[in-house]
Amino acid sequence: MPFELPSLPYSHDALEPHIDARTMEIHHGKHHNGYTTKLNAAISGTELEGKSIDDILSDLDMSNGAVRNNGGGFYNHSLFWSVMSPNGGGNPSGELASAIDDAFGSFDAFKEKFSAAAGTRFGSGWAWLCVHQGGKLEVCSTPNQDNPLMPGVGCGGHPILGLDVWEHAYYLNYQNRRPDYVSAFFNVINWDKVAELYSANK
């Protein structure tokens with residue numbers, strides 16, 4: 001079956017005031033939908049057809065721009081919607097909280113490092129929290145629609161939290177104030193979902 005645009009797990013306006021409804025409508029309905037359509041076109045009739053998105057990206061020929069950009073866009077946004085919630089924010093707990101303390105020293109230190117990864121990514125891209133085999137966490141960022149599953153991107157592990165810092169993700173509400181958008185993101189992070197992804201991929 002071809003890939004399908006996942007439904008949002010909440011309404012377009014559910015993340016307001018942190019992320020506005022109009023941005024969500026355009027971001028999900030236009031941008032993510034476009035990546036999904038173009039990914040299906042890029043893999044149609046190839047040996048990639050029928051593979052999972054994780055398998056496609058982890059064994060990707062990075063010179064295949066159509067699959068790299070659109071496959072990354074499909075995967076990255078699918079994760080992005082799932083790790084946000086209108087009931088999000090606060091701090092993680094349990095095993096994930098302990099792993100964050102082990103890797104970064106404290107939650108505040110993690111927040112600072114993640115915010116720096118998002119804020120200093122030049123141009124368009126993503127900030128990530130990834131888990132390696134064994135449970136160690138890492139923060140990194142990638143350009144454009146690249147992600148840590150892809151070979152040779154410079155940060156490894158499995159992404160469990162991602163923040164889109166393309167301008168289309170925040171410009172209607174925040175204009176050039178990316179740091180304000182990054183700060184607002186922490187008010188909607190679904191730490192239960194991040195913890196679930198941590199447990200499944202460590």
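**The strands and their disulfide**

Tutor: Helices (H or I, at least four residues) and strands (E, at least two) are runs assigned by DSSP and numbered from the N terminus. An unreviewed UniProt entry annotates residues 92-196 as "domain: Manganese/iron superoxide dismutase C-terminal". UniProt positions follow the numbering used here, feature names are shortened, and such annotations may be inferred rather than shown by experiment.

The model is predicted: local features need pLDDT of at least 70, side-chain atom pairs count only at pLDDT 80 or more, and totals for chains, interfaces and linings use all residues. Residues are numbered from 1 along each chain as its sequence is written, and side-chain values use heavy atoms, with hydrogens and water left out.

We may begin with the pairing of the strands. Two strands count as paired if DSSP finds at least two bridges between them. Strand 1 (residues 125-131) and strand 2 are antiparallel and are joined by 7 bridges. Within this pair, Leu129 stands opposite Val139 of strand 2. The hairpin that strands 1 and 2 form has 5 residues between the strands, and there Gly134 takes a positive phi near 100°. Strand 1 also runs antiparallel to strand 3, with 6 bridges joining the two. Here Val131 is the residue opposite His158 in strand 3.

A residue is called buried under 20% relative accessible area, exposed over 50%, and partly exposed in between (1.4 Å probe, protein chains only).

Next come the cysteines. A disulfide is a pair of cysteine sulfur atoms within 2.5 Å, and the structure holds 1 of them. The partners are Cys140 and Cys155, with sulfur atoms 2.2 Å apart. This pair links distant parts of the chain: Cys140 is in strand 2 (residues 137-143), Cys155 is in the loop between strand 2 and strand 3 (158-164), and the two are 15 residues apart. The torsion about their S-S bond is about 55°, so the disulfide of Cys140 and Cys155 is right-handed. Both Cys140 and Cys155 are buried.

Cys130 is itself buried, with a relative accessible area of 0%.

The loops contain some backbone angles worth noting. Most residues other than glycine have a negative phi, and most peptide bonds are trans. Asn144, which is not a glycine, has a positive phi near 55°. Asn144 belongs to the loop between strand 2 and strand 3, and at 39% relative accessibility it counts as partly exposed. Gln175 has a positive phi of about 50°, although it is not a glycine either. Gln175 is placed in the loop between helix 6 (171-174) and helix 7 (178-185). With a relative accessible area of 31%, Gln175 is partly exposed.

Finally, this part can be set within the whole chain. The protein chain has 8 helices and 3 strands, in the order α-α-α-α-α-β-β-β-α-α-α from the N terminus on. Its radius of gyration is 16 Å, close to the 17 Å that the globule rule gives for 202 residues, so the chain is as compact as a globular protein of that length. That radius is taken over C-alpha atoms, and the rule is 2.2 Å times the number of residues to the power 0.38. Buried residues make up 48% of the 202 residues. Contact means heavy atoms within 4.5 Å; among contacts between residues at least 6 apart in sequence, 68% join residues at least 24 apart.

For reference, the unreviewed UniProt entry also annotates residues 3-85 as "domain: Manganese/iron superoxide dismutase N-terminal". Over residues 3-85 the chain is 57% helix and 0% strand, and the end C-alpha atoms are 24 Å apart.
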